Amino acid sequence: MSNWHKLRYSAFGLCIALFAGQPAIADDTEVFVGQTVDRDRANVLFIMDTSGSMGATVDWNVPYDAARVYDGDCDPNRVYWIEDGDAPPIECNNNDDAWVFTDAFICQQGWNVLLADGNYTDEMAMFEDDTKVDKRAWDKLQSGEYDWPVECRADDGRHGDGSNELLVYAADKEDAPFHSEPDGDNNVDWSGQVRYTVFTGNYLNY
């Protein structure tokens, strides 16, 4: 091969090396101002956040799902209660017996919320059917009385114990049924009742 041909090939190879080694130029202003970018030019923006919040732990709770059965010590056949403002029970078996069977919780308006949200707050009263001391009246909720009926203010005039569509007002009476008609005697004054929050067992397990 002649020196001329060697020179031509060397020059050609040098040109290829020069053009292949050209760096890609990225201009960050093109990202912000929306300028048209040549297809052959790089258009990449890296952002690195080194602020202190990047090292913090993010707490996130899965929302309560009433259709799901959660494992735990709380009985789904019970409605647990606390006075409004108190802390919910952490362990159901150490809750001072502050619960009633679901059949005893006759607050229909409360049930509508409980079935969806698992908790409900309202003024409530328990019918103290204590024949030993001849006391039968709607009063504060009592621990350990699991089957005494519990009624709520939101239910007043809407739903009684479900046995009679006319008897929808809680009333202090000597004999059952313990609800009366609108003009009945001794209807409960809800403004004087205590406010409680009730929970389903499934919600407390959640």
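This is a predicted model: local features need pLDDT of at least 70, side-chain atom pairs count only at pLDDT 80 or more; totals for chains, interfaces and linings use all residues.
Let me begin with a definition: a residue is called buried when its relative accessible area is under 20%, exposed when it is over 50%, and partly exposed in between, with a 1.4 Å probe and protein chains only. At 37% relative accessibility, Arg195 therefore counts as partly exposed.

Residues are numbered from 1 along each chain as its sequence is written, and side-chain values use heavy atoms, with hydrogens and water left out.

Side chains of opposite charge can pair when their charged atoms come close. A salt bridge here is a side-chain nitrogen of Lys or Arg within 4 Å of a carboxyl oxygen of Asp or Glu, and the structure holds five of them. In one of these, Arg195 meets Glu123, at 3.3 Å from N to O. This pair links distant parts of the chain, since Glu123 is in strand β3 and Arg195 in strand β8 (residues 195-200), 72 residues apart; strands (E, at least two residues) and helices (H or I, at least four) are DSSP runs, numbered from the N terminus.

Which other residue forms a salt bridge with Glu123? The partner is Arg153, and the closest N and O atoms are 3.9 Å apart. Glu123 lies in β3 (residues 119-130) and Arg153 in the loop between β5 (150-152) and β6 (169-170), so this pair ties together parts that are 30 residues apart in sequence. Glu123 is buried, with a relative accessible area of 15%, whereas Arg153 is partly exposed at 39%. Together with Asp84, the residues Glu123, Arg153 and Arg195 are linked in a network of salt bridges.

Let us move to Arg78, which forms a salt bridge with Asp75, the closest N and O atoms being 3.7 Å apart. Arg78 is partly exposed at 24% relative accessibility, and Asp75 is partly exposed at 26%. The charged end of Arg78 also sits over the ring of Trp99, 3.7 Å from its centre; for this, NZ of Lys or CZ of Arg must be within 6 Å of the ring centre and within 35 degrees of the ring normal.

Finally, the aromatic rings. Rings of Phe, Tyr and Trp (its six-membered ring) pair if their centres lie within 6.5 Å, and planes under 30 degrees apart count as stacked, over 60 as edge-to-face and the rest as tilted. The structure holds twelve aromatic pairs. In one of them, the rings of Tyr203 and Tyr206 have their centres 5.7 Å apart and their planes at 45°, so the pair is tilted. Tyr203 is partly exposed, with a relative accessible area of 23%, and Tyr206 is partly exposed as well, at 38%.
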